[in-house]
Amino acid sequence: MSSHRPSEDQPARAHGFATRAIHAGQPADPTTGATIFPIYQTSTYTQTALGEHRGYEYSRSGNPTRAALETCLASLESARFGLAFASGLAAENTILSVLRPGDHIIADDDLYGGSYRLFERVYCPLGIEISYVPARDTDAYARAMTDHTKYIWVETPTNPLLTLVDLAAVAEVAHAGGAKLVVDNTFASPVIQRPLELGADVVFHSTTKYINGHSDVIGGALMTNDADLYERYRFHQNAAGGVPGAFDSWLVLRGVKTLAVRMRQHQENAMAVAQFLSEHPKVRAVYYPGLPSHPDHALAQRQMSGFGGMVSFDVKGGLTAVKRMVKRLRVFALAESLGGIESLCCHPATMTHASIPAQLREARGVTDSLLRLSVGIEEVNDLIADLRDALE
Ligand code: P1T
């Protein structure tokens, strides 16, 4: 463990976001001058003498390519510390690992289905108690606090209904009761929302999504300024071993370099798609925080610097209409996941959120007629034409 280089990288903080995305944690290679950080594809490191090494001993405990990624992502989330994982869920598992039987979590009620499954099927049986509250109802978080509440755990915007959580207000609720605020920032990405700056204690990502941005890696990361939590998470990262390989770390490092420019196009396209859908006679409702009609539009303007690339909508005609529509899509791929350069269409009820019991899912608004779009960066006219043809 001692070999793991801490991800602290204060000097790079002075630069702007897009500059840090390209440079933070990635100096030119000292031996060759390689401008792009190398892939240290090694499991182990030759030691100079008993008890003497150059900072790395074994790649589960620490790997230079992973350390570069951890430093870069920490910088992007305005954090002192970052840890990278083999998946978003592995990052979540490490955050949850510090809880003990009898501890309580308050979570918003519109979580990614896999996060819900991790809570309900892995941590509840171990004696962790979970209360779910409506994401945008700040008072509900306060009412749900108990003496045992350790985490308030939120996604914002939520998956798949794109509801927002008022992070500054919920951070106050958490801290007043001695709990920590954990934020899943996957849907927004740090280029448009930085929860730690708003009072959150821990932020995490499925880096599979916008951070990598090319739909070719499964990965995760957590970032924090809390030195005590960081040490406990770092211990678990090594002890439980959910680490990413060097090549995947390098791919994410490469992907994140273009996050700022990609997100600009994602949200420009998403806004046009949301406007098109909101005027379409076969669409019942559109969920996009960039639309002035979205109930959290004002909050989105306050706490985010953009509205992101995810758009959900409800199709008239139920499951039959949905099935017909997705079969006719030509540019949008029918697929789980999001945040890549290509456009995807997902049916949460049967795909990403199938692990939530049907009755509960329906009650939360994830109906059979809901579709979720990850709007890519293709020509926006092609995306709109594809949706228009499919809805005909
Ligand atoms: O798939 P993984 O990298 O383990 O990340 C899990 C995860 C965590 N948080 C959010 C908000 C997510 O959306 C995900 C994964 N989500 C999908 C695969 C999806 O299509 O929604």
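Predicted model: local features only at pLDDT ≥ 70, side-chain atom pairs only at ≥ 80, totals over all residues.
Residues are numbered from 1 along each chain as its sequence is written, and side-chain values use heavy atoms, with hydrogens and water left out. Local features need pLDDT of at least 70 and side-chain atom pairs count only at pLDDT 80 or more, while totals for chains, interfaces and linings use all residues.

Start with the overall division. The protein chain splits into domain 1 (7-256) and domain 2 (260-391). Those bounds come from an automatic or database domain assignment. Between the C-alpha centres of the two domains lie 26 Å.

Now look at where the domains meet. On one side, 40 residues of domain 1 are in contact with 42 residues of domain 2. Contact means heavy atoms within 4.5 Å. About 3,200 Å² is buried between the two domains, and carbon and sulfur atoms give 60% of it. Buried area is the accessible area (1.4 Å probe) that two parts lose on being put together, summed over both. Three residues stand out on the domain 1 side. L161, I192 and Y210 supply 23% of the area that domain 1 buries against domain 2, more than any other three residues.

A salt bridge is a side-chain nitrogen of Lys or Arg within 4 Å of a carboxyl oxygen of Asp or Glu. Elsewhere in the list of pairs, R136 forms a salt bridge with D296, and their closest N and O atoms are 2.9 Å apart.

Which helices supply the side of domain 1 that touches domain 2? α1, α4 (113-123) and α8 (246-256) each supply at least two residues. α4 gives the most, with four residues. Helices (H or I, at least four residues) and strands (E, at least two) are DSSP runs, numbered from the N terminus. By class, this side of domain 1 has 21 nonpolar, 13 polar and six charged residues. Ala, Val, Leu, Ile, Met, Phe, Trp, Tyr, Cys and Pro count as nonpolar, Asp, Glu, Lys and Arg as charged, and the others, Gly among them, as polar.

Next come the loops. S59 lies between α1 (17-23) and α2 (64-76). It counts as buried because its relative accessibility is 13%. Buried means under 20% relative accessible area, exposed over 50%, partly exposed in between (1.4 Å probe, protein chains only). The S59 side chain makes a polar contact with the side chain of N63, at 3.2 Å. Leaving out residues up to four places away in sequence, S59 touches T42, S43, Y45 and R66.

S78, in the loop between α2 and β1 (81-85), has a positive phi of about 55° although it is not a glycine. S78 is buried, at 18% relative accessible area. S189 sits in the loop between β5 (180-184) and β6 (202-206). Its phi is near 80°, again positive in a residue other than glycine. S189 is buried too, at 0% relative accessibility.

Finally, find the cis peptide bonds. One runs from T156 to P157, with omega near -5°. Another runs from N159 to P160, with omega near 10°. P157 lies in the loop between β4 (149-155) and α6 (167-176), and P160 is found in the loop between β4 and α6.

Note on methods. Polar contact = N/O pair within 3.5 Å; in protein donor to acceptor, adjacent residues only side chain to side chain.
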